[in-house]
Amino acid sequence: MAGTNYQITMRSGPTPGKTYPLRQEETLLGRDLANDIVINDAEVSRRHARLILREGSMYAEDLGSTNGTFLNGERISGAQELRPGDVITLGDSIVLAFEKISYDPDVTPVPGEREAAVPVQQPPYEKPAPEPEVYQPVPEPRPYKQPEPDPMVDVEELPDEEDLPEKREGLPTWLIIMIIAIVVLVCVIAVTMWFMPASWWCAITFDQLPGCPVP
C-alpha cells in the first residue's frame, strides 16, 4: 500500500530551496522561535499561519497576520484545502510551494533517492531594495554685506563721540563757588559785628542807641 507525505519548499525567502516535511497534525509558521517553522522576515508576523493535517488532507489557515496569507494569489482567512503544486505566500516576498510525495513503505529507500526524486531549483531570494535617499545639497552661507548708509542722514554732520560734552551730575561749579562766597561773606560780617566796639555802633546808628553820648 502506497504511503503519502506532505512538505513545503521555500521558493523565495530567507532560506530558498529548504524543504520542511509536514508530519504533525498542526504546523505553525511565523517569526517567533516557538513556531514549528521559523521564518525570520520582517513581513512575517510572530504567529502568521498554520497548516492542518485532517483526514489525510492538508489545510492552510491565516492566524490574523498583519501582511496576510495568500493561496495561489488569493488572500485567505479560514482553513483552505491544499493541492499539490499550490503556492502559499506570506506577505509579499515569502513564497512556499506545497508538495505531495507518494512512496511504497515496503521498499527500502536508497539514501539520497527520495531527495533526488524531487529536485528543487528555485530562484534566489531577493529582498526588495530600499528606496534610495534623496540627496539634498546644503546651501552655502551667504556672504556678509555691509549695509549701505541712509542717504537721508549726512554722516559728515554727525559729531564725534569725543566732541560731545560730558554729562555731569549735581550742581554746576559756578553755583557752588557763589554759595561758598556768600557763606564766607556772611560769616565775616557776623564776626565783625560781634567784636565791633560800642563806639562803632554809635557811629553807625548816629548815636541813636541807648548809652551813646549826647552831642
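**View 1. E55 is found in the loop between β5 and β6**. Strands (E, at least two residues) and helices (H or I, at least four) are DSSP runs, numbered from the N terminus. Everything here comes from a predicted model, in which local features need pLDDT of at least 70 and side-chain atom pairs need 80 or more, while totals for chains, interfaces and linings use all residues. Residues are numbered from 1 along each chain as its sequence is written, and side-chain values use heavy atoms, leaving out hydrogens and water. Is E55 buried or exposed? At 80% relative accessibility, E55 counts as exposed (over 50%; buried is under 20%, partly exposed in between, with a 1.4 Å probe and protein chains only). Its phi is near 55°, a positive value, even though E55 is not a glycine. Most residues other than glycine have a negative phi.

**View 2. N72 sits in the loop between β7 (69-71) and β8**. Here, too, phi is positive at about 55° in a residue that isn't a glycine. N72 has 47% relative accessibility, so it counts as partly exposed.

**View 3. R75 lies in strand β8, residues 74-76**. Which residues does R75 touch, not counting those up to four places away in sequence? They are S65, T66, N67, G68, T69 and F70 (contact means heavy atoms within 4.5 Å). R75 and G91 are 16 residues apart along the chain, and their C-alpha atoms are separated by 9.9 Å.

**View 4. Y6 and F98 form a stacked aromatic pair**. A search of the whole structure turns up 1 aromatic pair, and this is it: the rings are 5.5 Å apart centre to centre, with 15° between the planes. (Ring centres of Phe, Tyr and Trp, the latter by its six-membered ring, must lie within 6.5 Å; planes under 30 degrees apart are stacked, over 60 edge-to-face, and the rest tilted.) Y6 belongs to strand β1 (residues 3-12) and F98 to strand β11 (residues 94-103), so the pair ties together parts that are 92 residues apart in sequence. Both Y6 and F98 are buried.

**View 5. The charged end of R54 sits over the ring of Y59**. It is 5.2 Å from the ring centre (the rule asks for NZ of Lys or CZ of Arg within 6 Å of the centre and within 35 degrees of the ring normal).

**View 6. Five strands make an open sheet, in the order β4-β3-β5-β6-β9**. The pairing is mixed (two strands pair if DSSP finds at least two bridges between them). Strands β4 (37-38) and β9 (80-81) are the edges, each pairing on one side only. Strand β3 (residues 26-30) runs parallel to β4, and 2 bridges join them. Look for L29, which stands opposite I37 in β4.

**View 7. The largest nonpolar core has 21 residues**. I8, I39 and L51 have the most contacts inside it. (Such a core is a set of buried Ala, Val, Leu, Ile, Met, Phe, Trp, Tyr and Cys residues joined through side-chain atoms within 4.5 Å.) At least two core residues come from each of β1, β2 (19-22), β5 (49-54), β6 (57-62), β10 (87-90) and β11. Leaving aside neighbours within four places in sequence, I39 is in contact with M10, P14, L29, G30, R31, V44, L90, I94 and L96.

**View 8. Stepping back, the chain has 3 helices and 11 strands**. From the N terminus on, the elements run β-β-β-β-β-β-β-β-β-β-β-α-α-α. Of its 215 residues, 26% count as buried.
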